[in-house]
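Dear colleague,

I am handing over the structure we spoke about, and I would be grateful if you could look through it with the notes below at hand. The notes begin with the overall fold and then turn to single residues.

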Amino acid sequence: MKRTDVQRRAFAMPLTSPAYPIGPYRFYHREFMIITYRTDPGKLRALVPEPLEVDAPVVKFEFIRMPDSTGFGDYTESGQVIPVTFEGRKGNYTHCMFLDDHPPIAGGRELWGFPKKLAKPTLQAELDTLVGTLNYGPVRVATGTMGYKHRMTDLAAVKASLVAPNFLLKIIPHVDGTPRICELVEFSLEDIDLKGAWSGPAGLTLASHALAPVAELPVLEVLSATHLIADLTLGLGKVVHDYLADTSHRRENRPDKPAVAQTDLLEPAR
């Protein structure tokens, strides 16, 4: 394979059988249950990176069913999203995400910088209750419940929340383990067809886990809950802040001391 062929074909890994196709990425009948809660302000601010700013100690815990998405298939996702401001604009910072399908894990991390990990979330109606769960391995780390379609809500307000800017911290290491990319990425949801939105009573329980630490942002009070269904497109992102731009972390600005290869660590002393 010639170098020009590599350049032409290289958009995802593996080169000859990418884990996901080139977009656009359209989602049909995407179903959300979003439970908004008040949390510890000190713990929240310790997890949100500058230059994002936290105005209120609020977290959104999301359970999302995606039964039909181009390129990514049929999967479910869950995680924590934090309302923030960036340069005076209100938006949301995605703190953590857990899902059960490899292509959107690979694509989400490589393209946008979504903080995705493999787990087992669910979202379904159980009689009169909408129930969301998140298991990491065999351990239940989150359970959300909501009264099923109790009250229709303001569609214009819900759609405005969906088109707000979203922010991610994209990190890709160099081959020596140092950061090669460390950027704040902004993306938006596009071409939204909001089919319905409802509110109702809700509850949320989070459990401690070493590798799925959702309980680090404890539930102090459930503030509201929204259940919505929409078709939408996940827009590609843009870099709005480069954490390595003016620091000594960039390889070209470092001393000439070479990195220690892992193979060197395995060789016996001479």
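**What was found**

The protein contains five helices and 15 strands, where helices (H or I, at least four residues) and strands (E, at least two) are DSSP runs numbered from the N terminus. Please keep in mind that this is a predicted model, in which local features need pLDDT of at least 70 and side-chain atom pairs count only at pLDDT 80 or more, while totals for chains, interfaces and linings use all residues. Residues are numbered from 1 along each chain as its sequence is written, and side-chain values use heavy atoms, with hydrogens and water left out.

**Overall form**

The radius of gyration is 20 Å, which agrees with the value near 18 Å that a compact globule of 270 residues would have; this radius is taken over C-alpha atoms, and the globule rule is 2.2 Å times the number of residues to the power 0.38. Along the principal axes, the C-alpha trace spans about 70 × 45 × 40 Å. Of the 270 residues, 44% count as buried, a word that here means under 20% relative accessible area, with exposed meaning over 50% and partly exposed in between (1.4 Å probe, protein chains only). Among contacts (heavy atoms within 4.5 Å) between residues at least 6 apart in sequence, 66% join residues at least 24 apart.

Asp 231 is in strand S14 (residues 221-234) and counts as buried because its relative accessible area is 8%. The side chain of Asp 231 reaches the backbone nitrogen of His 29 at 2.6 Å, and a polar contact of 3.1 Å joins it to the side chain of Lys 195; a polar contact is a pair of N or O atoms within 3.5 Å, of which, within protein, one must be able to donate a hydrogen and the other to accept it, and residues adjacent in sequence count only if both atoms are side-chain atoms. Leaving aside residues up to four places away in sequence, Asp 231 touches several others, including Arg 26, Phe 27 and Asp 191.

Ser 69 lies in strand S2 (residues 58-69) and is buried, at 6% relative accessibility. Its side chain reaches the backbone oxygen of Gly 73 at 2.6 Å, and, with residues up to four places away in sequence not counted, Ser 69 touches Arg 26, Phe 27 and Tyr 75.

Leu 189 lies in strand S12 (residues 189-199) and is likewise buried, with 12% relative accessibility. Residues up to four places away in sequence again set aside, the residues that Leu 189 touches include Arg 30, Leu 162 and Leu 232.

**Backbone points to check**

Two cis peptide bonds deserve a look. One joins Met 13 and Pro 14, with omega about -10 degrees, and Pro 14 lies in the loop between helix H1 (3-9) and strand S1 (25-38). Another joins Glu 50 and Pro 51, with omega about 5 degrees, and Pro 51 is in the loop between helix H2 (41-47) and S2.

Glu 87, although not a glycine, has a positive phi of about 50 degrees; it sits in the loop between strand S3 (73-86) and strand S4 (89-99) and is exposed, at 68% relative accessibility. Leu 127, also a residue other than glycine, has a positive phi near 55 degrees; it lies in the loop between strand S6 (120-126) and strand S7 (129-136) and counts as exposed at 84% relative accessibility.

With kind regards
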